[in-house]
Amino acid sequence: MLEIKDLHVSVGDHEILRGVDLKVGRGEVHAIMGPNGSGKSTLAQVLAGRDVYTVTSGEVIFEGKDLLVMAPEDRAREGIFLAFQYPVEIPGVSNLYFLRSALNTIRKARGLEEIDAMDFLKLARDKMKLLDMDENLMQRPVNEGFSGGEKKRNEIFQMAILEPRLAILDETDSGLDIDALKIVANGVNALRSPERAIVVVTHYQRLLNYIVPDVVHVLYDGRIVRSGDKRLALELEEKGYGWLEDDRQLSAAGR
Amino acid sequence: MTAVKGQQDQYFAHFAALEERLSGTEPEWLRAVRKSAIERFGDLGFPTTRDEEWRFTSVAPIARRAFRPPPERVSPADARFGQSERADFAHCTLLVFVNGRYVEELASPNGLPAGVRVRSLRAALASEPETLEPHLARYVPFERNAFAALNTALMEDGAFVEVGKDVALERPIYLLFLAAPLPGKSAPAAYHPRNLIVVGRGSQATVVEHYLSAGGAGYFTNAVTEAVVGDNARLDYTKVQQESGDAYHIATVQVHQARFSSVTTRVVALGGVLNREDTCTVLDGEGAESLLQGLYVIHGRQHVDNHTTIDHAQPHCSSRELYKGVLDGASNGVFNGKIIVRRGAQKTDSKQSNKNLLLSESAVINTKPQLEIYADDVKCTHGATIGQMDPEAVFYLRSRGIGLEEARAMLIEAFANDILDRIPLAPLRTRLQRALTDKLAAKGQPAGTGASPAGERVSVLVEEA
């Protein structure tokens, strides 16, 4: 479904991703872990099409198409969804209006009929229940005045409505208490399907207790330095990221 | 200054012609007002950018230009004038003015409750000028405002809204001013519409004053509205300026508020090539409150200058002011918000905010708060922001599948809706939202070329008999 080959990304003169390779297959859940500044969020944002980053080399193929030449909206229409680490507040635009516009643009791109206001409201109510969200949030401006937890839930709620083919969750767990974490994880798990892939970007192993990954990758200093099954996440949790540093120095010394 | 003065003569000629036409039919007090106003206009001359109040707005294009007086009659009164507007606002008490003249055939007065009269100023001047005497030209400071002086000297028509005591007027009063093309190749006209709104003690009214191009080009509207709001009375007043893209629009709105009155003054400017709005309110009774809101959305080479004055003359009054601007192309905006707190106006509570969204690198906004405080127990705050569209917000919307243009439009509309959403008339709200959308879509088209601004529904062109 997604194939990243030797991806190099910079901001200004600073290279952040230094040759990332990653393959994600349909129905799989991948976790990308790594310390602060390792490039996790950059990778997530580059996949969604954020233009403050410059791709200097490499390629990203999504369902056989070159993702990097697409505008962010086209990527979304192709089925990519990024749950933001810091969801943006948009005063004056109601959640309901925003999300219905988004859904209808995506449906149109997929050759489906637009959904009318009544049907949308019904759909939204169902999905909100899933995430235990206050219905009033729908009428409020997008993310404005939402608590940290509400913002994160709102991201997963959007994902549930838009039904992407590839969902990228950028530190969705940060700032959530255990109860909220469980709710969010339930929401994500409800979307797991053989047709859909999920990439979970996280600093901590905690979320992976609830969203169990098929593959865990460790991103360090702009490269994926290790991949394994879910046990890798536990190992990291136990030994800390410093372990990778020692490991890398060892391998560098041995070269 | 001499060049500017030279063009004043045409207005003296207009005045002489008007005097002759009225030939002593007007009462003495009114003749005296007109006379002192034209003299004052002569002394003041058109302001220049050396005048602090006009520093960022040059009215030279108006001062240099030849304008004819408004045509004597609008005839035949064409039923197509403002047809769609009249349909939308049929539920209101609607007065329609075409090229400065009240056109009775187009009005829908509807039933007004006892104690309420809505007439054309011309009718009131002709039949009962004494009803105007207590208020007309008593509030607007024409001794220091050349355009208001000119209007006062040359005013002939407009609306006279009288709401008596303790009446809650349910129907909004809608004053529609249409500018239609003039016949033949005559110079464009200068119009001086004059409105007087009197809301009696304990009453409530909603008034809209809407200037709309109906195909006219290059004309000059010089409007003055005075509103007098009594004790415990409420007025919701909206002024909408959607003149033709090459028209000039200069307006003064002067509000006078008594004890515990509550007034909302809303000024929406979308059209014209050169627009100045002087919006002033005097809180002249304890406990009065005032809400001033403004929205200007301009592009191309449009220039809009909002000068507001909130005069806290008595204690325990509050004022809230929010003006928002969206500027694209090489447009130019000015906001000057003056707040005066008079000696003794203790416990004044005043908040002012001006927010601007610049969509292009060549758009310019000059924004300035101006506080004059002569009392010591007051709360006054002000703030101004100038910003571009938030790229993070644009990206967020796009990441959900919404296209770039749509995302931008959504954010701009959200910014503007802060003001538009509070307009109490749904059809007007919808119209303005649509006008805004159309205007954004038309971005890049040059304004001031005779093309009417987008969103305007140009209803008709008619020849005059």
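**View 1. Three salt bridges link chain B and chain A.** This is a predicted model, and we start where its two chains meet. One of the salt bridges joins A:Arg50 to B:Glu392, with the closest N and O atoms 3.1 Å apart. On the chain B side, the elements that give two or more residues to the contact are helix H9 (391-398) and helix H10 (404-420). H9(B) supplies the largest share of that side, with seven residues.

**View 2. The contact draws on 18 residues from chain B and 31 residues from chain A.** How much area do chain B and chain A bury between them? It comes to about 1900 Å², and 65% of that lies on carbon and sulfur atoms. Within chain B, the residues that lose the most area to chain A are B:Phe395, B:Tyr396 and B:Arg400. Together, these three make up 42% of what the chain B side buries.

**View 3. Strand S3 of chain A (residues 29-33) is largely enclosed by the rest of the structure, because five of its five residues are buried.**

**View 4. B:Asn356 sits in strand S18 (residues 349-358) of chain B.** Is this residue buried or exposed? B:Asn356 counts as buried because its relative accessibility is 3%, below the 20% cut-off. Its side chain makes a polar contact with the side chain of B:Tyr296 at 2.7 Å, and another with the side chain of B:Asn354 at 2.9 Å. Leaving aside residues up to four places away in sequence, B:Asn356 touches several others, including B:Gly325, B:Leu327, B:Ile365 and B:Phe415.

**View 5. Cysteines, but zero disulfides over all chains.** Take B:Cys380: it is in no disulfide, and the nearest cysteine sulfur, belonging to B:Cys317, is 12 Å away. Elsewhere in the chain, B:Cys92 is buried, because its relative accessibility is 0%.

Conventions. Residues numbered from 1 in each chain as written. Chains lettered and ligands numbered in written order. Predicted model: local features only at pLDDT ≥ 70, side-chain atom pairs only at ≥ 80, totals over all residues. Heavy atoms only, no water. Helix = DSSP H or I, 4+ residues; strand = E, 2+ residues; numbered from the N terminus. Buried < 20%, exposed > 50% of the residue type's maximum accessible area, 1.4 Å probe, protein only. Polar contact = N/O pair within 3.5 Å; in protein donor to acceptor, adjacent residues only side chain to side chain. Contact = heavy atoms within 4.5 Å. Disulfide = S-S within 2.5 Å. Buried area = accessible area lost by both parts, 1.4 Å probe. Salt bridge = Lys/Arg side-chain N within 4 Å of Asp/Glu carboxyl O.
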